[in-house]
Amino acid sequence: MKEVCIRKNQIYEVEIIDNGFEGEGIAKIDGFTVFIPNAIKGEKVRIKILKVLSSHAFAKIEEFIEKSDYRESLDCDTYLKCGGCAMRHINYEKTLEIKRNAVLSIFKKQGLNVNVKETIGMEKPYYYRNKLQYPLGIDNNGNAVMGVFAQRSHRVIQTEKCLIQNEMIQEIATGIFNFIKEKNVPVYNEVKRNGQIRHLVLRIGLKTNEVMVTIVSNEEEIKCEKELVDFIKEKYKNVKTIVKNINSSSTNVILGKKNVILFGNGYIYDELLGFKFKISPMSFYQVNPIQTEILYSKAIQEAELSGEETVFDLYCGIGTIGICASNRIKKLYGIETIPEAIEDAKKNASINNIENSEFFVGDVEKALPEFISRNHVNADVIFVDPPRKGCDKTAIETILNIEPKKVVYVSCNPATLARDLKVFSTKYEIKEITPVDMFPFTSHVECVAVLILKNDKI
Ligand SMILES: C[S@@+](CC[C@H](N)C(=O)[O-])C[C@H]1O[C@@H](n2cnc3c(N)ncnc32)[C@H](O)[C@@H]1O
């Protein structure tokens, strides 16, 4: 192996040969890989080495020698400090290509030669997030701050405008924070582990304009709680419910287990593809509703349902995928681990007059094999939409034993998707993968993968 003599603080002139999954530029120095944030493929830059590891190094740009035609001027003041977006310096269409290439290369590494379609982007990739979750903290001068965390840190950057956040909930969050400051409501101090308000979490139903405010508190009692609730109710008529969530743990998890409803019903509604959905504070709901309709339509279209199928919606959340497909299904079963989400899913079936569905609380890896062996049900089509860590091995083994004609795998993490599809590929042909840009300008991408039971297995 070639000896590498790259050292910290050395300066090099390099050409960026590729963009990595997080939008970072990649260069080679004597065959050694260097990652350079904020650099675009094709650019020539002078860099300073910041850190050298055994297989790669990190560097920062000192000077641009030749800029890419895809470079965009920055439209956000906090972009270079914030941990949210990763590609605002790149032309949007180009980011879609980068995301597709990243998916392709992850599958290649798994030895899977797959048909990855063009990434489906947004017409207007701004203000798309229907969920805002801002930490509150204390700055170096002892002042309360609310906003986004700085990259790889827990320092809060004051944020009043975020270009990917729905504008109405952004405005309401700012109003609530100003009230908290004015009344000296104690903000949580992560180091001392004292104080009260840890996070503000706001959700909006894009089609209904209903807003849910969740105030995450370290303590059961919040100073000026009644005044705070009255202020929100009076000033922001779109707020349909206010929930206090108690979280006194020392973890990074935003929501604690206990919710106290301070105003309204404790939930809001939204609509997707003509179906109405109840959303509670603990339930997962996709954060980009415009792209969600595209994602679900693609997943449902690829399932090619005739109305005669028994379908499982695994990791179903509040039942959205199955319910959106319910009028083309004979019988729908949904499994999800969060009890509140299953309560929402049952209610969602009922408000949409869906009578062919059953939803169960459980971990897919345990609940699915148990359900199948107890009820001798056969599945024709299975939708899976697991969290970032992907499907559990037992869950995949069970699906491989059931042998549905089709599996439509919706994934927010191409790395675990590729790992899982490698296992599925023993029995399933991977027809195609469609990346959908659910999170424009961030490093994330959602994918719909269509798996068809191989002929010799039928
Ligand atoms: C990416 S979300 C998808 C939810 C839903 N399909 C949607 O589009 O809104 C993944 C869901 O899986 C649930 N989940 C996580 N681990 C699980 C497990 N082992 N078994 C069942 N559900 C799980 C989470 O609570 C979450 O609701």
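Student: So what classes of residue make up the lining of the second largest pocket?
Tutor: By class, that lining has seven nonpolar, five polar and three charged residues, where Ala, Val, Leu, Ile, Met, Phe, Trp, Tyr, Cys and Pro count as nonpolar, Asp, Glu, Lys and Arg as charged, and the others, Gly among them, as polar. This is a predicted model, in which local features need pLDDT of at least 70, side-chain atom pairs count only at pLDDT 80 or more, and totals for chains, interfaces and linings use all residues. Residues are numbered from 1 along each chain as its sequence is written, and side-chain values use heavy atoms, with hydrogens and water left out.

Student: Which residues lie nearest the centre of that pocket?
Tutor: G20, F21, I26, S105 and K109 do, out of 15 lining residues; a pocket here is an open set of points on a 1 Å grid over the protein atoms alone, where a 1.4 Å probe fits, with protein on both sides within 12 Å along at least five of seven lines, and lining residues have an atom within 4 Å of a point.

Student: And which element gives the largest share of the lining?
Tutor: Helix α1 does, with seven residues, helices being DSSP runs of H or I with at least four residues, and strands runs of E with at least two, numbered from the N terminus.

Student: Switching topic, which residues of α8 and α9 meet?
Tutor: I396, I399 and L400 in α8 meet D420, V423 and F424 in α9, contact meaning heavy atoms within 4.5 Å. That contact has five nonpolar, no polar and one charged residues.
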